[in-house]
Amino acid sequence: MTTPAPAHALTTTRVLRSEWHKLWTVRSTWITVLTAAALLLGVGLLMGATYTSDGGDSDVDTVVLTLYGSQLGGIALAVLGILVTAGEYATGMIRATLTAVPRRLPVLWAKAAVYTTVVFAVSFPTALPTFLTAQFFLSDTDQAASLTDDGVLAAIAGNAAGVTLLGLIALGLGAGLRSVPGAIGAFVGGVLIVPEILGMLPYEAMDTAVRYFPTQAAGALGSATPLPGAASPGAALLALLLWAAAALAVPALLLKRRDV
């Protein structure tokens, strides 16, 4: 017969529960989550309602077109990821957290697990009705599509996975830099801007490398049709997973080697 854990025992479930409560008891979580959902839905409806077949977007993948808002919503969710980690350093609450969990690493893993669950659970259910509602306006255009078309449902799920993994990278940056402004600057500059600059260099090897950078890989995941010069969905997902793992590995090492 299994003996129940003592009331004061530290378990994985209790660390996860603690991080869950911390996430939802701050106003910034609700603001960023609702903002991200509103941007995804609002931009999707705008794109659908204003689209015409003789416009300049006829060559854009229909899932990409209807989920344009995920680019803006993803930035809001990335900021949330930074606040989950760096925000605790800014308020000083991290001292109490690491005192309660002296092994330290379970805190980082719990934050990452809770954040990943929440962001995907918000992104995918919001993307589905956004696509379907936008298709109400696109039904008589060359962008008409349905969930049963080849690659559409996978692209919607890929869009949500891409947003989630980009946010997880931001969470890792926040944990490593321990500064909200610094992590936001690193995410915008290093993840969003630097790949665009590198992509303009006239080197074929650079073009090949850039397609596996986070934002480019996320774009490949969220398209129902292969994008020219982009990685395959499988390779893009693997690249994003590796970027997220690297972003979390650095703060994990620092947590073991550095004081709070």
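The side chains of E19 and K111 meet in a salt bridge, with N and O 2.9 Å apart (a salt bridge is a side-chain nitrogen of Lys or Arg within 4 Å of a carboxyl oxygen of Asp or Glu). This pair links distant parts of the chain, as E19 is in helix α1 and K111 is in helix α6, 92 residues apart. Helices here are DSSP runs (H or I, at least four residues) numbered from the N terminus.

The model is predicted: local features need pLDDT of at least 70, and side-chain atom pairs count only at pLDDT 80 or more, while totals for chains, interfaces and linings use all residues. Residues are numbered from 1 along each chain as its sequence is written, and side-chain values use heavy atoms, leaving out hydrogens and water.

Side chains of opposite charge can pair when their charged atoms come close. A search of the whole structure finds 4 salt bridges. E19 also meets K22 in a salt bridge (2.9 Å, N to O). K22 and E19 are separated by about one helical turn because they are 3 residues apart in helix α1.

K111 has a further partner in E88, and the closest N and O atoms of that salt bridge are 2.2 Å apart. E88 lies in helix α4 (residues 69–91) and K111 in helix α6, so this pair ties together parts that are 23 residues apart in sequence.

## Buried charges

Are these side chains buried or exposed? Both K22 and E19 are buried, and E88 and K111 are buried as well. Buried means under 20% relative accessible area, exposed means over 50%, and partly exposed is in between (1.4 Å probe, protein chains only). E19 counts as buried because its relative accessibility is 5%. K111 has a relative accessible area of 5%, so K111 is buried too.

## How α1 and α6 pack

Two packed helices are described by the angle between their axes and the distance between the axes. Helix α1 (residues 12–24) and helix α6 (residues 105–138) pack at an angle of about 55°, with their axes 9 Å apart. That makes α1 oblique to α6. Axes are lines fitted to C-alpha atoms, for helices over the stretch in contact, and angles run from 0 to 180 degrees between N-to-C directions. Angles under 35 degrees count as roughly parallel, over 145 as roughly antiparallel, 65 to 115 as roughly perpendicular, and the rest as oblique.

How values were computed: Helix = DSSP H or I, 4+ residues; strand = E, 2+ residues; numbered from the N terminus.
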